[in-house]
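Here is a friendly note to read beside the model. Take the points in order and find each place on the screen as you go.

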Amino acid sequence: MVFVSYPIRPYEKIWEAICKYESNNDPYAIGDKHLRHKSYGIAQIRKSRLDDYYQRTGIRYTIKDMFDPVKSKEVFMYYASCSDLEVIARRWNGGERGMDKKTTLKYWNQIKKHL
């Protein structure tokens, strides 16, 4: 008998749902054009998130790097540090205090549709 081992990827579904909702899976998307600070790439990452990621990891990515889905996913997965998908999504949308913000509940309800 041969056993096949598959990698455990617990956050793939939430990654896929967020990418679908945020950019319709477009790695070159630029969002929030009406705001001062736009969001970029498949997961719609802002510069402030990249600045925080750099502070925490020492890895400096640019806005242009966020058009690379592999690098965007690396940043996203860094922040997907708990097993509760609602917490991951709401913090992704609203920062570390995302669970405290009512506006992120609407975001979570939209993400659930893509899970």
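1. The radius of gyration is taken over C-alpha atoms, and the globule rule is 2.2 Å times the number of residues to the power 0.38. For 115 residues this rule puts a compact globule near 13 Å, and the protein has 15 Å, which agrees. Its C-alpha trace spans about 60 × 30 × 25 Å along the principal axes.

2. A word on where this comes from: the model is predicted, so local features need pLDDT of at least 70 and side-chain atom pairs count only at pLDDT 80 or more, while totals for chains, interfaces and linings use all residues. Residues are numbered from 1 along each chain as its sequence is written, and side-chain values use heavy atoms, with hydrogens and water left out.

3. Now the elements. The protein has 5 helices and 2 strands (DSSP runs numbered from the N terminus: helices are H or I with at least four residues, strands E with at least two). Starting at the N terminus, their order is α-β-β-α-α-α-α.

4. How do H1 and H5 pack? Helix H5 covers residues 103–112, and its axis lies 9 Å from that of H1 at an angle of about 105° (axes are lines fitted to C-alpha atoms over the stretch in contact, and angles run from 0 to 180 degrees between N-to-C directions). H1 and H5 are therefore roughly perpendicular, the word for angles of 65 to 115 degrees.

5. Look at the contact itself (heavy atoms within 4.5 Å). From H1 come Ile14, Ala17, Ile18, Tyr21 and Glu22, which meet Tyr107, Trp108, Gln110 and Ile111 of H5. These residues divide into 7 nonpolar, 1 polar and 1 charged (Ala, Val, Leu, Ile, Met, Phe, Trp, Tyr, Cys and Pro count as nonpolar, Asp, Glu, Lys and Arg as charged, and the others, Gly among them, as polar).

6. Two loop residues deserve a glance. Most residues other than glycine have a negative phi. Asn24, in the loop between H1 and strand S1 (30–31), has a positive phi of about 55°. Asp32, in the loop between S1 and strand S2 (39–40), also has a positive phi, near 55°.

Terms used
Parallel < 35°, antiparallel > 145°, perpendicular 65-115°, else oblique.
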